[in-house]
Amino acid sequence: KLIIRPAPTRVATMGDDMSLDAAEPRPEETRADAESGPTEEEASCANPLDNTDTETLTKNQKKNKKKKEKKAGGGGEGETTAPAEEADDGEEGEDDGEGAEDEGGEGAAKKKKKKKKKGGGLKQTDPPTIPISKFYPSGIYPEGEIQQYNDDNLWRTRSDEKRELERLDANLYNDVRQASEVHRQVRKYVQKIAQPGIRLFDMCEKLEQCTRNLIEERGLQAGVGFPTGCSLDYVAAHWTPNAGDQTVLTYDNVMKVDFGVQLNGRIIDCAWTVAHNPKYDQLLKAVKESTDMGIRTAGIDVRLCDVGEAIQEVMESYEVELDGKTFPVKCVRNLNGHSIAPYQIHAGKSVPIVKGGEQTKMEEGEFFAIETFGSTGKGYVREDLECSHYMKNYDVGHVPLRLPRAKQLLGVIDRNFGTLAFCKRYLDRIGETKYQMALKNLCDAGILQMYPPLCDVKGSYVAQYEHTILLKPTNKEVLSRGDDY
């Protein structure tokens, strides 16, 4: 093929009024032309095969220019290198090797590293102390596990009206999701420290302090939902250590850890069982799967007795072998799940864990604590041991009190706990002393309700799992669900 190349210089004619020196290109012009590369006419006439050589030449020229500027150390280095670097990036694409030679490239890499360090994200301390709100600056918290309703309620998923109802309650949902996230992070820490040898009093104090830190305790607006239960072995529920208690967790204990978080009165009630000895695995598995079955069965317009029947069927299909003896796993028939209302942990409806319960139906918008208890004993609990849990009766009116100390203590309870459950450790924490007689007087007057520990027969073992669920208009949300259970 014929390659036509334009003449590098202009030839002067006789009619031109110019000297021979003017016709020749000046050195400065030649250097500028070489740096600027071929013109558009030259590029159009040139062979396409020569484009690669031209581009390579242009890159080399730019690099040489940069090296000269480096050596010169001129003050305008920042101004000249930045556009050149951008041009290099546009032409070279992903060629990291060549970019690494440039000082500008190194500077950009350092800037990127610095940005990564700044935006690397906040990390939770151990033990957790940073409030959960710091990790979600947008104020939107992650939702729990979403489950669809069964059978006749499937239409709710596609209903625009029900979706609008959910949108109106978005703030309420966000509050309970924040409390649920606090519960997940606190229990993750507790699962690490709940090892054989730990004193239960210390474990409860650490757990509750973490909860207060993460939820940013603000009196009755946000804080602990109820006293931490850490019932051992045959004790099923409502046991927490009082001051001076030296009980220590051992390898063969079965401990039920049950604690709550509340925000604006909305309580997240969730529990699990700690057992380090693998011989209890079948017992824990039976109770965990029973709780999951209860959650799957629950829904709007579902009868409470149907939930209990489904739970019992799963629970009693298991048996556990302990020390050469085989025990059937029984439901603790006089312990139930319950509905939850603002500032009221037991709101009136009970969710049985055996068949034959109430015919009452679950309703839209209700919160329920679905909890199951499996036992190797009789499957029936009674009140025993020293009482530690107390709670003001929700519907109590004005009751005249004679003891001034009882009146003063009631004022303290109203200001700090309201109708939320509390224990003696909480009174000690806020500086109350010599309150035993006043506490008894308030209980005798019917203002406070005592909740002693609930125990099966000695020598038996009881396990518990519990989740809080919300029956939303379009689906049900297992608020307290986490990666652990």
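## Cavity lining and a helix contact

Lys288, Thr291, Asp292, Tyr465, His467, Arg481 and Tyr485 line the largest cavity (a cavity being a set of points, on a 1 Å grid over the protein atoms alone, where a 1.4 Å probe fits but cannot get out, and lining residues having an atom within 4 Å of a point). The model is predicted, with local features needing pLDDT of at least 70 and side-chain atom pairs counting only at pLDDT 80 or more, while totals for chains, interfaces and linings use all residues. Residues are numbered from 1 along each chain as its sequence is written, and side-chain values use heavy atoms, without hydrogens and water.

The count is one cavity of 30 Å³ or more, and the largest has a volume of about 30 Å³, the volume being the space filled by probe spheres set on the points. Both α11 (281–297) and β17 (462–471) supply at least two lining residues; α11 gives the most, with three residues. Helices (H or I, at least four residues) and strands (E, at least two) are DSSP runs.

Elsewhere, the axes of α13 and α15, fitted to C-alpha atoms over the stretch in contact, come within 9 Å and cross at roughly 80°. The two helices are therefore roughly perpendicular, a term for angles of 65 to 115 degrees. Their contact (heavy atoms within 4.5 Å) involves the residues tabulated here.

| Helix | Range | Contact residues |
|---|---|---|
| α13 | residues 404–416 | Arg405, Ala406, Leu409, Leu410, Ile413 |
| α15 | residues 436–444 | Ala438, Leu439, Asn441, Leu442 |

By class, this contact comprises seven nonpolar residues, one polar and one charged.

Note on methods
On a 1 Å grid over the protein atoms alone, a cavity is a set of points where a 1.4 Å probe fits but cannot get out, and a pocket is an open set with protein on both sides within 12 Å along at least five of seven lines; lining residues have an atom within 4 Å of a point. Axes are lines fitted to C-alpha atoms, for helices over the stretch in contact, and angles run from 0 to 180 degrees between N-to-C directions. Angles under 35 degrees count as roughly parallel, over 145 as roughly antiparallel, 65 to 115 as roughly perpendicular and the rest as oblique. Ala, Val, Leu, Ile, Met, Phe, Trp, Tyr, Cys and Pro count as nonpolar, Asp, Glu, Lys and Arg as charged, and the others, Gly among them, as polar.
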